[in-house]
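I opened this model to look up charged pairs and the nonpolar surface. My notes follow the structure.

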Amino acid sequence: MSSIAASLDDYAVLPGVREVPFSSFDQMGPIRYYSVDEERRTKDLARQIRQSGEIAPLIVVEDDQGPYVLEGGHRFDALRKLGARSFPALVVLDLDSLGGG
């Protein structure tokens with residue numbers, strides 16, 4: 001949660017954890033790894049999620065360009081790898097960007 005205040009000046013956190021569809025992210029390309037370690041970490045995380053069925057909510061910010069993941073990028077990629085259609089997230093509105101501030 002501290003990353004929200006560190007990243008945004010004027011924002012609103014929508015109540016509760018919401019199910020966010022991957023279809024909301026229209027600019028997704030293929031998953032790209034910056035290192036072998038990152039690829040390994042993402043694959044391990046996908047295995048853990050598949051086995052446990054547990055996913056800590058991500059933090060998604062909605063601004064005038066659409067949604068983006070503020071926290072949980074590896075979980076996002078792991079869930080994509082697993083073919084998930086949606087994921088749990090706290091949704092934050094960037095009021096400066098959306099003109100609500």
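**Exposure of Asp37**

I began with Asp37, which is exposed at a relative accessible area of 53%. My cut-offs are under 20% for buried, over 50% for exposed and partly exposed in between, with a 1.4 Å probe and protein chains only.

**Ground rules**

This is a predicted model, where local features need pLDDT of at least 70 and side-chain atom pairs pLDDT 80 or more, while totals for chains, interfaces and linings use all residues. Residues are numbered from 1 along each chain as its sequence is written, and side-chain values use heavy atoms, without hydrogens or water.

**Salt bridges**

How many salt bridges does the structure hold? I found three. I counted a side-chain nitrogen of Lys or Arg within 4 Å of a carboxyl oxygen of Asp or Glu. Side chains of opposite charge can pair when their charged atoms come close.

*Asp37 and Arg40.* I looked up the partner of Asp37. Its side chain meets that of Arg40 in a salt bridge, at 2.9 Å from N to O. Both residues lie in helix H2, residues 36–52. They are three residues apart, about one turn of the helix. Helices here are DSSP runs of H or I with at least four residues, strands are E runs of at least two, and both are numbered from the N terminus. Arg40 is partly exposed, with a relative accessible area of 45%.

*Glu39 and Lys43.* I then checked Glu39. Its side chain forms a salt bridge with that of Lys43, at 3.0 Å from N to O. Glu39 is partly exposed at 28% relative accessible area. Lys43 is also partly exposed, at 33%.

*Asp44 and Arg47.* Which residue does Asp44 pair with in a salt bridge? I found Arg47, with the closest N and O atoms 2.1 Å apart. Asp44 and Arg47 are three residues apart in helix H2, so about one helical turn lies between them. I noted Asp44 as partly exposed, at 31% relative accessible area. Arg47 is partly exposed too, at 39%.

**Nonpolar patch**

Met1, Tyr11 and Val13 make a nonpolar patch of about 260 Å². Patch residues have over 30% relative accessible area and no salt bridge; nonpolar side chains (Val, Leu, Ile, Met, Phe, Trp, Tyr) are joined within 5 Å, like charges within 9 Å. Areas come from the Shrake-Rupley method with a 1.4 Å probe; for residues, only the protein chains shown count as cover. I placed Val13 in strand S1, residues 11–13. Val13 is partly exposed, with a relative accessible area of 34%.
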